[in-house]
Amino acid sequence: MKQDPYTPVTLNVLNMCDDGDEVDYTDLLVRGFPVKKKRKFEQIKIKGNDEDEFDVKNLTVYAHAFEPPAREKIEANGGRCVRLTAVGSVPIGQGWLNTNDLQDGGDDEEGEESAAEE
């Protein structure tokens with residue numbers, strides 16, 4: 001069986017954060033939360049399942065990957081899941097992180113700009 005190429009962070013760890021926090025792996029490690037130290041894998045994945053409790057409001061989480069139940073629980077409480085690139089760990093554009101935009105057709109910034117110019 002192939003090993004998961006991510007360092008895992010569970011919803012139980014994120015539950016220790018305060019409402020309205022913005023966190024990434026380094027923030028969790030510095031705060032002394034029980035996260036595994038990165039050794040082999042530099043990329044972080046937020047893991048969770050339907051049975052996990054999650055009650056932190058407006059939490060913004062930066063990670064390379066999110067399991068669907070974990071993403072749903074974070075966003076259901078008003079939080080944001082910001083995906084990071086594999087190289088450089090910088091946030092991927094807005095169109096990639098908000099699933100609601102994909103349902104209504106996405107961002108139309110170019111249309112707004114051309115309308116403002118007229």
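How many bridges join β1 to β3, and in which sense do the two strands run? Four bridges join them, and the strands run parallel. The points below place this pairing in its setting.

1. Basis of the note. This is a predicted model, in which local features need pLDDT of at least 70 and side-chain atom pairs count only at pLDDT 80 or more, while totals for chains, interfaces and linings use all residues. Residues are numbered from 1 along each chain as its sequence is written, and side-chain values use heavy atoms, with hydrogens and water left out.

2. Overall make-up. The protein chain comes to six helices and six strands. Helices (H or I, at least four residues) and strands (E, at least two) are DSSP runs numbered from the N terminus. Read from that end, the order of elements is β-α-β-α-β-β-β-α-β-α-α-α.

3. Surface and contacts in total. Of the 118 residues in the protein chain, 33% are buried; buried denotes under 20% relative accessible area, exposed over 50%, and partly exposed in between (1.4 Å probe, protein chains only). The accessible surface of the chain is about 7900 Å², and 46% of this belongs to carbon and sulfur atoms. These areas come from the Shrake-Rupley method with a 1.4 Å probe, and for residues only the protein chains shown count as cover. A contact is defined by heavy atoms within 4.5 Å. Among contacts between residues at least 6 apart in sequence, 43% join residues at least 24 apart.

4. The sheet β1-β3-β5. Three strands form an open sheet in the order β1-β3-β5, with parallel pairing. β1 (7-10) and β5 stand at the edges with a single partner strand each, so one side of each has no neighbour in the sheet. Two strands are taken to pair if DSSP finds at least two bridges between them.

5. A65 has its place in strand β5. With a relative accessible area of 12%, A65 is buried. The C-alpha atoms of A65 and K45 are separated by 4.6 Å, although the two residues are 20 apart along the chain. Leaving aside residues up to four places away in sequence, A65 touches Y6, I44, K45 and I46.

6. The pairings of β4. Strand β4 (residues 60-63) pairs with strand β2 (residues 22-23) in the parallel sense over two bridges. There, E22 has T60 as its bridge partner in β4. β4 also pairs with strand β6 (residues 80-83), again in the parallel sense, over four bridges. In this second pairing, A63 stands opposite R83 in β6.

7. Salt bridges across the chain. Side chains of opposite charge can pair when their charged atoms come close. A salt bridge is here a side-chain nitrogen of Lys or Arg within 4 Å of a carboxyl oxygen of Asp or Glu, and the count comes to three. One of these joins the side chains of R31 and D21, at 2.9 Å from N to O. The pair links distant parts of the chain, ten residues apart: R31 is in the loop between α2 (25-30) and β3 (44-47), and D21 is in the loop between α1 (11-14) and β2. R31 is partly exposed at 39% relative accessibility, whereas D21 is buried at 16%.

8. The pair E67 and K47. The side chains of E67 and K47 also meet in a salt bridge, at 3.4 Å from N to O. E67 lies in the loop between β5 (65-66) and α3 (68-76) and K47 in strand β3, so this pair ties together parts 20 residues apart in sequence. K47 is partly exposed, with 25% relative accessibility.

9. E75 and R71 form a salt bridge through their side chains, at 3.1 Å from N to O. Both residues lie in helix α3, four residues apart, which is about one turn of the helix. E75 counts as partly exposed at 28% relative accessibility, while R71 is buried at 14% relative accessible area.

10. N77 lies in the loop between α3 and β6 and is buried at 16% relative accessibility. A polar atom of the N77 side chain lies 3.0 Å from the backbone oxygen of F54. Not counting residues up to four places away in sequence, N77 touches F54, D55, V56, K57 and N58.

Notes: Polar contact = N/O pair within 3.5 Å; in protein donor to acceptor, adjacent residues only side chain to side chain.
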